[in-house]
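User: I am new to reading protein models, and I would like to learn how to describe what I see. Could you take me through some features step by step?

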Amino acid sequence: MSSLPASHLENTVKPDHSAAIAVLQTRFGKQLSTNATVREQHGHTMTWLANQPPDAVLTVQDKHEVAAAVEICNQYQMPVIAFGIGSSLEGQLNAPYGGLCIDMHAMDAILQVNNEDLTVTVQPGVTREQLNHYLRNTGLFFPIDPGANASIGGMVATRASGTNAVRYGTMKDVVLALEVVTASGEIVRTGTRAKKSAAGYDLTRLMIGSEGTLGIVTEVTLKLFGISECIGSGLCHFPTIEDACQAVMLTIQMCLPIARIELLDAMQIKACNQYANLDLTETPTLFVEFHGTEAGVREQAQMFTDIIEEFGGTDFVWDTNEAERKRLWQARHNAYHASSALRPEASALSTDACVPISRLAECVSATAKDIEASGMIGPIVGHVGDGNFHVLLLVNTDDPVEVATADGIIDRLAMRAIAMDGTCTGEHGIGQGKQKYMDQEHGNAIAMMQAIKSALDPKNILNPGKIWPQPLPIKS
């Protein structure tokens, strides 16, 4: 199966980094690998973009090793790409200029839990599931849950979100402080455990979502939340996608404190039924979850019942049974694999967009009609409580007509969202895959972003070839 070029950099001649690799080999020994298979695994990208492996992979144990490696790379003008578990979706891990991949998975210690302050400090290789398993007896949890069991460092880099975002926010809302290795190899801290600060620039949020282009995260301090006394989950069906989106819009506008509200279109429900052996009605469906006291959850469920009736919502059932709740949300989190199974011989291309909640029904409906008119299989699923939704296109990448059709759908979705005062990506990031939309979305603000990049990384060694619609030069 072929793949699309990674970007405008596909024909770039990679510089010779042999001198830097020799120094790194002397310093790190067996921690450094130049094995072709290992390199390709670390150029892995969960898209149809071409794999662009690094020249070498370094598995690090602590922040001092990260700093030492970056310092060497800076001296030799060798690119550096940080790697968590490899679940990014827009080519963020590719190495178009070659260079060193720093694998952070072994930095997986949970350093400090402060129950009274509801905070935790972790190394970047800790995954969200690992963290919540560790917290299971504290009455606290970490709410950000992108579908993959992503690493915390990677979630910081891509400004991750997930099903709980409508109530608990995204990574930008729950990160209190970072420890970061700069392009020169210096270790800096960007904040404290205090819940707010008016002291200086907000360097923490500058780093969040920068996709490894401004620094490499080596430590993260996060907010935690108490587990609610009662949690109720359920689902309901709608005649059309527009009806479901209208119900979501009114739910949010009524300030119902819903914790999760997820849309699955009819095709996605069909996929989930087949993959998870469910028997759900194959129509547009909302999965919902309520957090609070027992009385509060009942009240929220009743208010939601009243709202959905206005838009033809039917068969609303909910339960506080934990096993049933986990079964329901496991089906939702397996949406990617379930959809892929609809056409297993094809490549799965996941894309996303986000719009103001008032434009949600219009944007999702237009996208669904576009996919239907194309004749392609493209289930829609989304964290619609904050206006964010995803499309998973199943594409034969050996067929130029299908590739062009998929490209057109993605392009129209991105431009449609931007035209509605939204964004071409609510969660996945820019990487290589969505660079061409940056001008349209940000205009002359890109020059300010690039000025920050040039100031913090003057030799452009930190994940070069990402985010910018025109690449910054590799400087010598």
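Predicted model: local features only at pLDDT ≥ 70, side-chain atom pairs only at ≥ 80, totals over all residues.

User: Is Cys 272 buried or exposed?

Analyst: The general idea is a set of cut-offs: buried means under 20% relative accessible area, exposed means over 50%, and partly exposed lies in between, using a 1.4 Å probe and protein chains only. Cys 272 has a relative accessible area of 3%, and therefore it is buried.

User: Which residues is Cys 272 in contact with, leaving aside its neighbours within four places in sequence?

Analyst: Contact means heavy atoms within 4.5 Å. By that rule, and with those neighbours left aside, Cys 272 is in contact with Leu 264, Asn 277, Leu 278, Ala 331 and Ala 338.

User: How should I read distance in sequence against distance in space?

Analyst: Take two pairs, each given from C-alpha to C-alpha. Cys 272 and Thr 190 are 82 residues apart in sequence and 42 Å apart in space, C-alpha to C-alpha, whereas Gln 300 and Phe 290 are 10 residues apart in sequence and 6.9 Å apart in space, again C-alpha to C-alpha. Gln 300 is placed in helix α11 (residues 294-309), and with a relative accessible area of 7% it is buried. Not counting residues up to four places away in sequence, Gln 300 touches Leu 256, Pro 257, Ile 258, Phe 290 and His 291.

User: What is a nonpolar core, and which residues touch the most other members of the largest one?

Analyst: In soluble globular proteins, nonpolar side chains tend to be buried together. A nonpolar core is a set of buried Ala, Val, Leu, Ile, Met, Phe, Trp, Tyr and Cys residues joined through side-chain atoms within 4.5 Å. The largest one in this model has 58 residues, of which Leu 286, Phe 304 and Leu 360 touch the most other members. Helix α15 (residues 400-419) gives the most to this core, with 8 residues. As for Leu 360, not counting residues up to four places away in sequence, it touches Cys 245, Val 248, Met 249, Val 355, Val 384, Gly 387 and Phe 389.

User: How are two packed helices described?

Analyst: They are described by the angle between their axes and the distance between the axes. Axes are lines fitted to C-alpha atoms, for helices over the stretch in contact, and angles run from 0 to 180 degrees between N-to-C directions. Here, helix α9 (residues 241-253) and helix α14 (residues 360-374) have axes that come within 8 Å and cross at roughly 160 degrees. Angles under 35 degrees count as roughly parallel, over 145 as roughly antiparallel, 65 to 115 as roughly perpendicular and the rest as oblique, and α9 and α14 are therefore roughly antiparallel to each other. Their contact is made by Ile 241, Glu 242, Cys 245, Gln 246, Val 248 and Met 249 of α9 together with Leu 360, Ala 361, Val 364, Ser 365 and Ala 368 of α14.

User: What classes of residue does the contact of α9 with α14 have?

Analyst: Ala, Val, Leu, Ile, Met, Phe, Trp, Tyr, Cys and Pro count as nonpolar, Asp, Glu, Lys and Arg as charged, and the others, Gly among them, as polar. The contact of α9 with α14 has 8 nonpolar, 2 polar and 1 charged residues.

User: At what angle do α14 and α15 pack?

Analyst: The angle is about 165 degrees, with the axes of α14 and α15 11 Å apart, and these helices are therefore roughly antiparallel to each other. Among the residues that make this contact are Asp 370 of α14 and Arg 412 of α15, and by class the contact has 5 nonpolar, 3 polar and 3 charged residues.

How values were computed. Residues numbered from 1 in each chain as written. Heavy atoms only, no water. Helix = DSSP H or I, 4+ residues; strand = E, 2+ residues; numbered from the N terminus.
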